[in-house]
Amino acid sequence: MRLLEYQGKELFDQYGIRIPRSQLANNIVEAREGAKKIGIPLVLKSQLTVGGRGKAGAILKVKSEDELEPKFADLIHKEVKGELPRGILLEEMTPIKQELYLSLFLNRGKRCYSLIASAEGGVEIETSDNKVVVDVPLDGLNPQVAEDTAQKLGLTGNAVVAFVDLAIKLSKMAGEKEAELAEINPVAILGDGSMLALDAKVIIDDNSMFRHPELKEYEHVSELEKQAEVSGFSLVELEGNIAILGNGAGLVMSTLDLVADAGGKAGAFLDFGGKATTETIYEALKVISQIKHIDAILVNLFGGIVKTSLVAQAILDAYGNNVISVPVFARISGAESEKSKEMLQGSRAKLYGTVDEAIVAAVAAVKK
Amino acid sequence: MEKFDIFKTLEGDKNDGDYKKKPVVIQGITGSFGSTHSRLMKAYGTNVAAGVTPGKGGQDFEGTPVYNTMAEAVKATGAQISGIFVPAPFFLKAAMDALDAGIKLLVAIPEHVPIRDSIKVVDYARSKGARMVGPNTAGVIIPEVMKIGIMPAQPFKAGRTAVFSRSGTLMYEVSFSLTNRGFGQRIGIGIGGDPVNGTNLIEAFELVRDRPDVDSVVVVGEIGGDAEEQLAQYIIDTSFAKPVVAYIAGRAAPKEKRMGHAGAIVYGNYGSAESKASNYAKAGVPVAKRPAEVPALLEQKMKK
């Protein structure tokens, strides 16, 4: 789960990491109140889970009172990469002396956190040359290691103390909240050497949520995702018009690649897991039917022990009950494929011997 | 510490009375998932010697005794192998229980295990000279001998290729196309779809590196993390001699979206299919564009 900036900052605040004075506003009334509290000039920051807000114009400065309403109205309705904001954060302007980059990310290979710090803040860390990387155990950062890192960054005086404090608090938070990533980009160094988290990017391990009821309020799941989750499906909504269903995340990903190779665009990724029964497939079709931009459904099922007639039945039921109306292109390796072909005769669904044939037919159908 | 030998643990030595019939304990045997697959594992030839379900000790599952704890099950059977089929929130306790009882190979099937719990178990297993495969894996199969996991039997055939896969269904699909082209498999290991794996790709390669009965390796990867990049470096650094062919799923997946598997997510260039493919190219590993292309690439590679 990727937290919004304001949510990440709430966690920072709980761990004693300093953040700018700020206020979340969902409408103009709240924005006016917030502006009164914080004072103008201030910054409006769109609350999105996608990156690149600055470049997309989703962060705006408000220099006078009459700028507040038009700029707020602009941001609250502004989609970035297909996502509408969940509120706008109003934040005080901070006089910055220097910026840093600081993050902890869960290093898969080493099975610990990696702390990454750089004396250049606000940049893409991947392309930064001047970064310090150190391993940090899951149970927290050693103060000496934090101090050495501060020195490598060229910090002096109060800034060293502030950095050690900040890094230790961030690692404590990451560990306790089971974060896959806790990033502050940038960290602001103020005139007195103290430090402030200007942004927050925190990703929590979804699978640990059962023991973090305190984070439950941050969860943001659409009705559709909820329905998919209840059925045990993995669903990712995409921008194209071909829905791809299959039994296994790897298989569905691989099918997505082949669809792209054939010139098609996937509109949904749905892995219905190990159970390929009539009920499961029917449920999966029901979920897909709620995505409006789907013009064709591609089913790729590999099982060895799957009876294809069960899948054919689910498809027929879905047409019969008007759950779906778009054509279905299916590749199902399993028993009874002749019988299944006969069952689907006269419907808008067709079985194919190979996934490539099914894909070619699906891509051609949506191009008409 | 002695080097971990998965073949010795799974099959034993030729002189052993129970060669290729080593006892396996199934944790969660009475659950619907565990019972279905225990039945299928037995049918395939796995010696499911005991099951464990806390509170159900003394019962039996279709002739297999059920115990309350791993300690009892291990004492009764002498098993060194356990298959874990419990739901994710119970995984940590089940795995620790198994390691404390002296289990040497843990095959961890459940999906949705917190990363923290996986790390705890991997580290604890290391400290005891034991090994985990998974979690979020289809399991381990030695075709025509035994399987511990949820894979169907039909795609696999005994042979000399090792198949390592981060995805379950793609392991079946690729193994099936290998089987159809005459490449049987010596072993199939589901690495798992999670960010942290009990046995990662490099460790899997180490398991077959010196085996004369393995003549080639197929590695089925996907986007996310840098396991493939690390593997490519390992192949270069250690001059891995057996022919290797790879496949990577998720070329067309968007960035910052988790594609079904917890581990399948791209941040920037980190975890991208391009990064993996270019590293494989440096290591001389051909990458199939589609699963069905794997056998043809392997054929070419074997001729050289």
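Author: Two residues are in contact if their C-beta atoms, placed from the backbone, lie within 7 Å. The model discussed here is predicted.

Reader: With that in mind, which elements of chain B cover the buried residues of α9(B)?

Author: The cover includes the strands β12 (216-222), β13 (244-249) and β14 (287-288) of chain B, together with the helix α8 (227-237) of chain B.

Reader: Which residues of helix α9 of chain B are buried?

Author: Helix α9 of chain B spans residues 273-282, and its buried residues are B:A273, B:K276 and B:Y280. Viewed down the axis of α9(B), these buried residues fall within an arc of 65°, so they line one face of the helix.

Reader: Why do residues three or four places apart point the same way in an α-helix?

Author: An α-helix has 3.6 residues a turn, so residues at that spacing point the same way.

Reader: Which residues are exposed on the other side of α9(B)?

Author: There, B:E274, B:A281 and B:K282 are exposed. After the helix α9(B) comes B:G284, with a positive phi near 70°.

Reader: Which domains does the assignment give for chain A?

Author: The assignment gives domain 1 (21-92), domain 2 (98-216) and domain 3 (223-367). Between domain 1 and domain 2 of chain A, the C-alpha centres lie 26 Å apart.

Notes: Residues are numbered from 1 along each chain as its sequence is written. Chains are lettered from A and ligands numbered from 1 in the order in which they are written. This is a predicted model: local features need pLDDT of at least 70, side-chain atom pairs count only at pLDDT 80 or more; totals for chains, interfaces and linings use all residues. Domain bounds come from an automatic or database domain assignment. A residue is buried if 20 or more other C-beta atoms lie within 10 Å of its own, exposed if 12 or fewer, and partly exposed in between; C-beta atoms are placed from the backbone. Helices (H or I, at least four residues) and strands (E, at least two) are DSSP runs, numbered from the N terminus. The arc is that of the directions from the helix axis to the C-beta atoms.
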